Amino acid sequence: RRSSVTDLRRTRRESRKAVYRVRMPSVERSAWLLGLATTLASDDTSHVDAAKELVVVAEGDHSALEGAYGRCLALISVLPDDANARRALDLINRAIRLSESL
């Protein structure tokens, strides 16, 4: 019994140190990236920093960035006067170009 408590404590300490990444398909990740891009577009974040953050969150999944671009185009077709959606499209476009250069 004592060893199981010690093992549980050790496991908790190790889990606090570990960084867990959520594995998700590109389709789901693209929706997540679109949400992040619209949030970053509404903030005072610089375009360069926002594009870098999108690339980091995409974790090298180029198709997720392209999916977010397509979703953002669909958003703009529904809300053509939304400046935030256009800024988000610009951020996603910059992130795609940045990920291609890596």
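Predicted model: local features only at pLDDT ≥ 70, side-chain atom pairs only at ≥ 80, totals over all residues.
**Overall architecture**

The protein chain contains 5 helices and 0 strands. Read from the N terminus, its elements follow the order α-α-α-α-α. The chain has 102 residues, of which 28% count as buried. Among contacts in the protein chain with a separation of 6 or more, 74% are accounted for by residues 24 or more positions apart.

**The nonpolar core**

The largest nonpolar core comprises 23 residues. Within this core, Leu33, Leu54, Cys72 and Ile92 have the most contacts. At least two residues of the core come from each of helix 2, helix 3, helix 4 and helix 5, and helix 5 gives the most, with 7 residues. The ranges of these contributing helices are listed below.

| Helix | Residues | Supply to the core |
|---|---|---|
| Helix 2 | 26-42 | at least two residues |
| Helix 3 | 47-58 | at least two residues |
| Helix 4 | 62-78 | at least two residues |
| Helix 5 | 83-101 | at least two residues |

**Packing of helix 2 against helix 4**

Helix 2 and helix 4 pack with their axes 8 Å apart, at an angle of about 55 degrees. Because of this angle, helix 2 is oblique to helix 4. The crossing of the two helices is right-handed. On the side of helix 2, the contact is made by Ser26, Val27, Arg29, Ser30, Ala31, Leu33 and Leu34. Helix 4 contributes Ser63, Ala64, Leu65, Gly67, Ala68, Arg71 and Cys72. Sorted by class, the contact of helix 2 with helix 4 has 8 nonpolar, 4 polar and 2 charged residues. Leu33 and Cys72, which take part in this contact, are also among the residues with the most contacts inside the largest nonpolar core.

**Ala31 at the contact**

Ala31 lies in helix 2 and is one of the residues that make the contact with helix 4. Is this residue buried, exposed or partly exposed? Ala31 has a relative accessible area of 36% and is therefore partly exposed, since that class lies between the limits of under 20% for buried and over 50% for exposed. Ala31 and Arg71 are 40 residues apart in sequence, while their C-alpha atoms are 7.5 Å apart in space. Arg71 belongs to the helix 4 side of the contact.

Key
Residues numbered from 1 in each chain as written. Heavy atoms only, no water. Core = buried A, V, L, I, M, F, W, Y, C linked by side-chain atoms within 4.5 Å. Buried < 20%, exposed > 50% of the residue type's maximum accessible area, 1.4 Å probe, protein only. Helix = DSSP H or I, 4+ residues; strand = E, 2+ residues; numbered from the N terminus. Axes fitted to C-alpha atoms, helices over the stretch in contact; angles between N-to-C directions. Parallel < 35°, antiparallel > 145°, perpendicular 65-115°, else oblique. Left-handed = near helix turned anticlockwise from the far one by under 90°. Contact = heavy atoms within 4.5 Å. Nonpolar A, V, L, I, M, F, W, Y, C, P; charged D, E, K, R; others polar.
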